[in-house]
Amino acid sequence: MKAFPFPDKINSRQELARDLHYHKIPAAERDKIADRAWETGAKAARELIQSLPDADIYEHVKHEGLTVEFNEKDNVVGNLRYFSEYFCAKKKIIMYVGAIKKWAESNKLALEKALEIILAHELYHHLECTKLGLTSKQYMVPTLQIGRFKWGKSSILALSEIGAHGFAYTYYELQGKKGGVKAKKGLMNAAINVNQFRRTKALEAIYKTNPLIRIVQKKRKGGSQHE
Ligand SMILES: [Zn+2]
């Protein structure tokens with residue numbers, strides 16, 4: 001069971017190493033393509049916030065036409081715990097609140113924040129599915145390679161995960177800088193400054209001080225699942 005599925009920019013480069021096609025990516029290309037995927041996500045988060053500065057994550061999700069289903073179960077399959085699933089064709093996100101609660105508790109994170117981060121992650125998958133194009137296709141490798149013969153083309157699924165990390169990280173960071181949505185509505189005061197400080201600390205705790213964690217992306221019923 002993993003605590004934190006959300007690494008920072010440098011750690012997220014290691015996502016690539018878990019990709020099925022990792023060995024086909026030249027070593028000199030790896031950091032470059034990982035950072036490009038991260039930046040794609042970060043840019044999308046900046047643009048999303050600019051487009052609707054007062055919206056919270058639930059309003060963003062609604063604005064994109066997504067429905068969110070909250071399922072109370074702690075979704076454990078085998079030895080993996082899944083936090084959420086996204087279904088592009090159905091425009092639907094399933095949040096496994098039981099699993100997310102455990103994740104939040106083990107990391108001293110308010111459930112509300114944990115939900116926000118995970119929803120942002122899934123929202124990115126929706127944006128890449130509908131608007132941005134799949135980040136996984138930013139770099140293609142041959143599906144099969146024997147000697148100098150190559151067949152087919154495969155995308156790198158880990159790049160989509162890195163993009164989603166960049167998106168969720170940047171989203172959370174930017175919302176924190178402005179003290180959350182309420183600050184935009186004229187409630188900036190000492191209490192919010194304290195809140196802002198706490199968010200910064202929480203962000204550091206989430207992304208910097210914790211070991212990197214595996215995200216296993218498995219295709220099931222056309223959806224992607226997040227451990
Ligand atoms: Zn993901």
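A disulfide is counted where a pair of cysteine sulfur atoms lies within 2.5 Å. By this rule the structure has 1 disulfide. The model is predicted, so that local features need pLDDT of at least 70 and side-chain atom pairs count only at pLDDT 80 or more, whereas totals for chains, interfaces and linings use all residues. Residues are numbered from 1 along each chain as its sequence is written, and side-chain values use heavy atoms, with hydrogens and water left out.

The disulfide joins Cys88 to Cys129, with an S to S distance of 1.7 Å. The torsion about its S-S bond is about -75°, so the disulfide is left-handed. Cys88 lies in the loop between strands E4 (84–87) and E5 (92–96) and Cys129 in helix H5, so the pair ties together parts 41 residues apart in sequence. Helices (H or I, at least four residues) and strands (E, at least two) are DSSP runs, numbered from the N terminus. Cys88 is partly exposed, at 28% relative accessible area, and Cys129 is partly exposed at 32% (buried is under 20%, exposed over 50%, partly exposed in between; 1.4 Å probe, protein chains only).

Helix H5 (residues 111–132) also packs with helix H6 (residues 157–177), at an angle of about 130° and with the axes 8 Å apart. That makes H5 oblique to H6 (under 35 degrees is roughly parallel, over 145 roughly antiparallel, 65 to 115 roughly perpendicular, the rest oblique). Axes are lines fitted to C-alpha atoms, for helices over the stretch in contact, and angles run from 0 to 180 degrees between N-to-C directions.
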